[in-house]
Amino acid sequence: MDTATSVLDVADTVRQLARRTTGADGATFVVREDRHCFYVDEDAISPLWKGQRFPIETCISGWAMLHSEPAVIPNTGVDERIPQAAYRPTFVKSLVMMPVGQPQPVAAIGIYWARIHTATATELAAVADLAARTATALQRVGLAGAPWAPNFKLDRSS
């Protein structure tokens, strides 16, 4: 992460490290875009929400950012913060959504499991550490290349 030169570099590193350090079935990197959450990148056993935007009040990444606290959800099927219509067709049964940045989070890291799973203290500590390192990297690279910037493209080859 120390060599990242853009938000996309940060996202690429985050999604890989988040999944590898937790043994999760999926990981995502989400940035706050005013009143929306933009799912910048993901590494998962099947596609989720990469490239999509959701109102900040209607998604779990938005909840984590608005409350400046992690959302730890052992069973997505019974948690009222989860938009069931968006999750029902996916593999996601459990998750952690960790806000990035303080006091006002600018991003979130999502970790997903395909089974009912309560995140362990070790997994939570690993994601919290990654979130702190991500905040530092985002401060260093700036957000000029972020999804709300003019000319932003998800395609890295452009």
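**Entry 1. Ground rules**

I worked from a predicted model, in which local features need pLDDT of at least 70, side-chain atom pairs count only at pLDDT 80 or more, and totals for chains, interfaces and linings use all residues. Residues are numbered from 1 along each chain as its sequence is written, and side-chain values use heavy atoms, with hydrogens and water left out.

**Entry 2. Helices α1 and α4**

I looked up how helix α1 (residues 7-22) packs on helix α4 (residues 121-141): the angle is about 170° and the axes are 10 Å apart. This makes α1 roughly antiparallel to α4 (the term applies to angles over 145 degrees). Axes here are lines fitted to C-alpha atoms over the stretch in contact, and angles run from 0 to 180 degrees between N-to-C directions. Helices are DSSP runs of H or I with at least four residues, and strands are runs of E with at least two, numbered from the N terminus.

I then listed the contact residues (heavy atoms within 4.5 Å). Helix α1 contributes V7, V10, V14, L17, A18, T21 and T22; helix α4 contributes E123, A126, V127, L130, R133, T134, A137, L138 and V141. By class, this contact has eleven nonpolar, three polar and two charged residues. In this scheme Ala, Val, Leu, Ile, Met, Phe, Trp, Tyr, Cys and Pro are nonpolar, Asp, Glu, Lys and Arg are charged, and the others, Gly among them, are polar.

**Entry 3. Salt bridges**

I counted nine salt bridges, each requiring a side-chain nitrogen of Lys or Arg within 4 Å of a carboxyl oxygen of Asp or Glu.

E33 and R53 form a salt bridge at 2.5 Å, N to O. E33 belongs to strand β1 (residues 26-33) and R53 to strand β3 (residues 53-55), 20 residues apart. E33 is buried at 11% relative accessibility, whereas R53 is partly exposed at 41%. Buried means under 20% relative accessible area, exposed over 50%, and partly exposed in between, with a 1.4 Å probe and protein chains only.

E57 and R35 form a salt bridge at 2.1 Å, N to O. E57 lies in the loop between β3 and α2 (60-67) and R35 in the loop between β1 and β2 (36-44), so the pair ties together parts 22 residues apart in sequence. R35 is partly exposed, with a relative accessible area of 37%.

K50 pairs with D41, their closest N and O atoms being 3.3 Å apart. D41 is buried at 1%, while K50 is partly exposed at 42%. Through shared partners, salt bridges join D12, R15, R19, D41, D43 and K50 into one network.

How values were computed
Parallel < 35°, antiparallel > 145°, perpendicular 65-115°, else oblique.
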